[in-house]
Amino acid sequence: MRVLGVDPGTKTFDIAVIEDGEVKIEKSIPTEEIAKDPNVLINAMESFDVDYVVGPSGYGVPPTMGSDVIDPSDSPLRFSS
């Protein structure tokens, strides 16, 4: 099983791929680059051929399984336009 973890940070988004308990891939992408083109992160993640993706819940939001997300627009984190 291959699992990809993403740690979004102020300076970089760090990606790690773990397979059978061993780190196989580590990659750092400057946050500024992702802010200009989010596809940079998406393309990197898709290129690693993983079974699962995990990310931080952040800001006190409890961890949630993707299958439990019924309506993503009903998030406790609201962004104004």
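# Briefing on the salt bridges and helix packing

The structure holds three salt bridges. It is a predicted model. The protein contains two helices and four strands, arranged along the sequence in the pattern β-β-β-α-α-β.

**Salt bridges**

- Side chains of opposite charge can pair when their charged atoms come close.
- Glu19 and Arg2 are joined through their side chains by a salt bridge, at 3.1 Å from N to O. Because Glu19 belongs to strand E2 and Arg2 to strand E1, this pair ties together parts that are 17 residues apart in sequence.
- Glu19 has a relative accessible area of 23%, which means that this residue is partly exposed.
- A further salt bridge links Lys24 with Glu22, whose closest N and O atoms are 3.8 Å apart. Glu22 is partly exposed, at a relative accessible area of 47%.
- Lys36 pairs with Glu32 in a salt bridge, and the closest N and O atoms of the two are 3.5 Å apart. Both residues lie in helix H1, four residues apart, or about one turn of the helix.
- Lys36 and Glu32 are both exposed.

- Lys24 is located in strand E3.
- The relative accessible area of Lys24 is 44%, so Lys24 counts as partly exposed.
- Apart from neighbours within four places in sequence, Lys24 is in contact with Val17 and with Glu19. Glu19 is also the partner of Arg2 in a salt bridge.
- Between Lys24 and Val3 there are 9.9 Å in space, C-alpha to C-alpha, and the two are 21 residues apart in sequence.

**Helix H2 and its buried face**

- Helix H2 spans residues 39-46, and its buried residues are Leu41, Ala44 and Met45. Seen down the axis of H2, these buried residues fall within an arc of 95 degrees, so they line one face of the helix.

**The protein as a whole**

- Of the 81 residues in the protein, 17% are buried.
- The protein exposes about 6400 Å², and carbon and sulfur atoms supply 54% of that area.
- Among contacts between residues at least 6 apart in sequence, 34% join residues at least 24 apart.

Notes. Residues are numbered from 1 along each chain as its sequence is written. This is a predicted model: local features need pLDDT of at least 70, side-chain atom pairs count only at pLDDT 80 or more; totals for chains, interfaces and linings use all residues. Side-chain values use heavy atoms; hydrogens and water are left out. Buried means under 20% relative accessible area, exposed over 50%, partly exposed in between (1.4 Å probe, protein chains only). Contact means heavy atoms within 4.5 Å. Accessible areas come from the Shrake-Rupley method with a 1.4 Å probe; for residues, only the protein chains shown count as cover. The arc is that of the directions from the helix axis to the C-beta atoms. A salt bridge is a side-chain nitrogen of Lys or Arg within 4 Å of a carboxyl oxygen of Asp or Glu.
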